[in-house]
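Please walk through this fold with the model open beside the text.

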Amino acid sequence: MWHEQWPVVKRGSWVYDGTMRSQILIQQGDILYGSGDYEDPPEYREDRKVTCFYVWYESLPGSKSYPAGGGGFLSLGDAMDHVREICGDTVQWE
């Protein structure tokens, strides 16, 4: 979930649909949200108060709207690696 008060710590972009460059933001937060699924182990089910990083993808290239989340991670490096796995070699970081 996007938090207005959490800082954006990394900005980048990737090529959407092979033709349009679309923005990516990574925010640093202080709560890693759990799944809430009772069948998951507690470390995945429960929210944790910990420094973490959330990936956000621009909804339409140029829209400056970031409703699409790419997950929460315990390190900036893990968040960036995940973006590369999802978006491929078109990712460019500022």
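**A walk through the sheet**

Trp56 stands opposite Gly69 in E4. The model is predicted, so to speak of local features requires pLDDT of at least 70, side-chain atom pairs count only at pLDDT 80 or more, and totals for chains, interfaces and linings use all residues. Residues are numbered from 1 along each chain as its sequence is written, and side-chain values use heavy atoms, with hydrogens and water left out.

Helices (H or I, at least four residues) and strands (E, at least two) are DSSP runs, numbered from the N terminus. Four bridges join strand E3, residues 52-57, to E4, and the two run antiparallel. Two strands count as paired if DSSP finds at least two bridges between them. On to the next pairing. Six bridges join E2 to E3, again antiparallel. Here Ile24 has Tyr57 in E3 as its bridge partner.

Now take the whole sheet. Five strands form an open sheet, with antiparallel pairing, in the order E4-E3-E2-E1-E5. Strand E4 (68-73) and strand E5 (92-93) stand at the edges. Each has a single partner strand, so one side of each is left without a neighbour in the sheet. Helix H2, residues 76-87, lies across strand E1 (8-16), E2, E3, E4 and E5. Its direction makes an angle of about 30 degrees with E3. Such axes are lines fitted to C-alpha atoms, for helices over the stretch in contact, and the angles run from 0 to 180 degrees between N-to-C directions.

How much of E3 is buried? Six of its six residues are, so to classify them we use the cut-offs: buried means under 20% relative accessible area, exposed over 50%, and partly exposed in between (1.4 Å probe, protein chains only). Both faces of E3 are covered. Cys52, Tyr54 and Trp56 are on one side, Phe53, Val55 and Tyr57 are on the other, and all are buried.

Next, look at Gln27. It lies in strand E2, residues 20-29. Is Gln27 buried or exposed? Gln27 counts as buried because its relative accessibility is 0%. Leaving out residues up to four places away in sequence, Gln27 touches Trp2, His3, Trp6, Pro7, Val8, Val9, Cys52, Phe53, Tyr54 and Trp56. Contact means heavy atoms within 4.5 Å.

Turn to the rings. A pair of aromatic rings is described by the distance of the centres and the angle of the planes. Rings of Phe, Tyr and Trp (its six-membered ring) pair if their centres lie within 6.5 Å; planes under 30 degrees apart count as stacked, over 60 as edge-to-face and the rest as tilted. A search of the whole structure finds three aromatic pairs. Trp14 and Tyr16 form an edge-to-face pair, 5.9 Å centre to centre with 90 degrees between the planes. Trp14 is buried at 18% relative accessibility, whereas Tyr16 is partly exposed at 39%. Tyr33 and Tyr54 form a tilted pair, 6.1 Å centre to centre with 50 degrees between the planes. Tyr33 lies in the loop between E2 and helix H1 (42-45) and Tyr54 in strand E3, so the pair ties together parts that are 21 residues apart in sequence. Tyr33 is partly exposed at 31%, and Tyr54 is buried at 8%. Ring pairs link Trp6, Tyr33 and Tyr54 into a cluster.

The structure holds two salt bridges, each a side-chain nitrogen of Lys or Arg within 4 Å of a carboxyl oxygen of Asp or Glu. One joins the side chains of Asp30 and Lys49 at 3.5 Å, N to O. Asp30 lies in the loop between E2 and H1 and Lys49 in the loop between H1 and E3, so this pair ties together parts that are 19 residues apart in sequence. Asp30 is partly exposed at 36%, while Lys49 is exposed at 70%. Arg45 and Glu46 form a salt bridge at 2.9 Å, N to O. Arg45 is partly exposed at 22%, and Glu46 is partly exposed at 41%.
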